[in-house]
Amino acid sequence: MKHPLAQIEPTLLGSLTIRFGALLVFSTALMMFVDVPLQGNASPNGIVSFELAGTPHQALRILLEWRSRDALGYARLSLIVDFIYLLIYALFFSSLALWAGKRLGDGKWSARAAWAATLAAVFDILENGVLLYELNRFTSPSPYPQVAASFALTKFVLLAASAAYGLGGSIGVFARRQRRPL
């Protein structure tokens, strides 16, 4: 199945990919800034620790630590801003994979890598919904932490696969350019 971004002409796709990449760098810096108050003993990796808590006990430990440090607002902000962030990373990694695939003449795997980034964003939306539920109710009964962790792990695997193809493909494109005779 063709990815919606596959319709875009390769030169325009390359230009869009660069813009999405710049936006991703900026938004990643913003997300890291919002995440600083969320890092602590129970959550050394900030919001990612909450995403991967996996058990009601660990999720509640994180929530209690955030409440004691007045950081629950930062957690909400991080999850809400993540809805925009997931759109940006999905667009970047999808366009990067498709751009590399078009340059390398590989439509099949580039489409799969682009869809992997898109699916990662879908799992991120589901994960955020579960985490916002836990955060707003200030409770983490089973199975919510397990479900959130499953969505998060799936998201990370899909995103890593898409990023590996896109970055590896880009290296392949630039390596081919270097080998061309003048």
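Among contacts in the protein chain between residues at least 6 apart in sequence, what percentage join residues at least 24 apart? It's 77%, with contact meaning heavy atoms within 4.5 Å.

Before you click around: this is a predicted model, where local features need pLDDT of at least 70 and side-chain atom pairs count only at pLDDT 80 or more, while totals for chains, interfaces and linings use all residues. Residues are numbered from 1 along each chain as its sequence is written, and side-chain values use heavy atoms, with hydrogens and water left out.

**Whole chain.** Start with a cartoon view. You'll find 6 helices and 0 strands, running α-α-α-α-α-α from the N terminus. Both kinds of element are DSSP runs numbered from the N terminus: helices are H or I with at least four residues, strands E with at least two. The C-alpha atoms fill a box of roughly 65 × 30 × 25 Å along the principal axes. Switch to a surface: 46% of the 182 residues count as buried (under 20% relative accessible area; exposed is over 50%, partly exposed in between; 1.4 Å probe, protein chains only).

**Aromatic pairs.** Now show the Phe, Tyr and Trp rings. The structure holds 6 aromatic pairs. Rings pair if their centres lie within 6.5 Å, using the six-membered ring of Trp; planes under 30 degrees apart are stacked, over 60 edge-to-face, and the rest tilted.

Select F123 and F151, a tilted pair at 6.0 Å centre to centre with 50 degrees between the planes. This pair links distant parts of the chain: F123 sits in helix α5 (residues 107-137) and F151 in helix α6 (residues 144-179), 28 residues apart. F123 is partly exposed because its relative accessibility is 23%.

Next, pick Y133 and Y144. Their ring centres are 4.6 Å apart and their planes at 35 degrees, so this pair is tilted. Y133 lies in helix α5 and Y144 in helix α6, so the pair ties together parts 11 residues apart in sequence. Y133 has 30% relative accessibility, so it counts as partly exposed; Y144, at 29%, is partly exposed too.

**Charges over rings.** Select W109 and R112: the charged end of R112 sits over the W109 ring, 4.5 Å from its centre. The test is NZ of Lys or CZ of Arg within 6 Å of the ring centre and within 35 degrees of the ring normal. Then go to F156, where K155 lies over the ring face at 4.3 Å from the centre.
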